[in-house]
Amino acid sequence: MIGALFSLARPALHALDPETAHHASIRALSLLPPRRPTPDDRRLGMTAFGLDFPNPLGLAAGYDKQCDVPDQLLGLGFGFIECGGVTPLPQPGNPRPRVFRLTRDGAIINRFGLNSDGLAAISGRLRRRRGRPGIVGVNLGANKESRDRIADYVMLVTRLCGLAQFLTINISSPNTPGLRDLQGEAFLDELLARCTAARDEADAAIGSRTALLIKIAPDMDEAALDGLVATVCARGIDGMIVSNTTIARPAGLTEKAMAGEAGGLSGRPLFLRSTRVLAQTALRVEGRVPLIGVGGIDSPQAAIAKLRAGASLLQLYSALVYKGPGLVGAIKQGICDHLERTGAAGLTDLIGRDVADSARDPRAALAAAGADRSA
């Protein structure tokens, strides 16, 4: 039903500038009462970082930035929702225009700059939804003008434990100057040490269990990835999200003029880059840390390829701009069909089946998913 409504509404939404259309879609969802989604096929269930997910498909951070409609989004059939990013103090982000559709490429460029209502507002909204079903996480960011960005993350972790099932340390947004510098080993070790200590203290005080994740960029070389993964594993981080948007511009982009806009590129052109980094990360963590694969998922085959490249869970966002919420059900059905065709009992039988090949060329996992589809 909602998918059909999107088909009717899409021309009107795409006639608006992207940010106005985004706000309109949030407003429309806010008018809907939260509803329980249809129960998922049991084969789609996944347990990761201490949480039981009804299906592996989540909504990436960046859509419900201000935690306005997590329950309505869960009602669309997502297995989990990540809100945010949230910063300690409210900040407006970068001047508009700051988001651009590359329609023929199935891509988005954004330079929002972590526009946030701030911790007080976000925590209040999360407090009001306490006790409701569904897994909701929050993406954390530092204020642009902060003098101590590590302290920003520690504050966010301390205040949000118990209000969300997982918290994501976002050190990979390309739109906050200097933020990606925190991926360096020395900064990262201190950041993770202080955040895990803050999480443990807060959880002990309130009797909760909050998973702590980290989101990384797709634009690092393998040597930098070696150090990052070693630090993540040493500090006991519960999971990794691979990856954020890219500052690179693939040569094959059709929308040449729009591609010149500054910001992070997401959507279909990010698939190969992000999936390669996902597989390279999976080889390094060796099963010690569950991975969430994100970047360029716009079909069941792309979702299956991420699983086969080492992801335990998945996230998407940009594809919804072009294909609408009906994509959620289509991907879940496609995964079930793939399990049936391959004789796999569940997701764990798929995860990492093509990881070594995908670390060299992600088209290996995509070809496997496509070959099974056409068999």
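Predicted model: local features only at pLDDT ≥ 70, side-chain atom pairs only at ≥ 80, totals over all residues.

Arg96 makes a salt bridge with Glu19, in which the closest N and O atoms are 3.3 Å apart. Because Glu19 belongs to helix α2 (residues 18–30) whereas Arg96 lies in the loop between β4 (80–86) and β5 (99–102), this pair ties together parts that are 77 residues apart in sequence. Glu19, for its part, is buried, with a relative accessible area of 3%.

## Asp71 and two arginines

A search of the whole structure finds 24 salt bridges, and Asp71 takes part in one with Arg129, where the closest N and O atoms are 2.7 Å apart. The two residues link distant parts of the chain, Asp71 being in helix α3 and Arg129 in the loop between α4 (119–128) and β7 (136–140), 58 residues apart. Asp71 is buried at a relative accessible area of 8%, and Arg129 likewise counts as buried, at 5% relative accessibility.

Asp71 also forms a salt bridge with Arg132, with 2.9 Å between the closest N and O atoms. Here again distant parts of the chain are linked, from helix α3 to the loop between α4 and β7, with Asp71 and Arg132 61 residues apart. Arg132 has a relative accessibility of 42% and counts as partly exposed.

## Aromatic pairs and a cluster

The structure holds 5 aromatic pairs. One of them joins Tyr63 and Tyr317 in an edge-to-face arrangement, with 5.7 Å from centre to centre and 70° between the planes. Since Tyr63 lies in the loop between β3 (57–59) and α3 (70–74), and Tyr317 in the loop between β13 (313–316) and α11 (318–323), the pair ties together parts that are 254 residues apart in sequence. Tyr63 is buried, its relative accessible area being 12%, while Tyr317 counts as partly exposed at 24% relative accessibility.

A single aromatic cluster is formed by Phe49, Phe53, Phe80 and Phe166.

## A positive patch on the surface

Arg127, Arg128, Arg130 and Arg159 gather on the surface in a patch of positive charge. Of these residues, Arg159 is found in helix α5 (residues 149–160), and its relative accessible area of 41% makes Arg159 partly exposed.

Notes
Residues numbered from 1 in each chain as written. Heavy atoms only, no water. Patch = residues over 30% accessible without salt bridge, like charges linked within 9 Å, V, L, I, M, F, W, Y side chains within 5 Å. Areas by Shrake-Rupley, 256 points an atom, 1.4 Å probe, with all protein chains shown as cover. Salt bridge = Lys/Arg side-chain N within 4 Å of Asp/Glu carboxyl O. Lys, Arg positive; Asp, Glu negative; His and termini not counted. Charge placed at Lys NZ, Arg CZ, Asp CG, Glu CD. Helix = DSSP H or I, 4+ residues; strand = E, 2+ residues; numbered from the N terminus. Buried < 20%, exposed > 50% of the residue type's maximum accessible area, 1.4 Å probe, protein only. Phe/Tyr/Trp six-rings, centres within 6.5 Å; stacked < 30°, edge-to-face > 60°.
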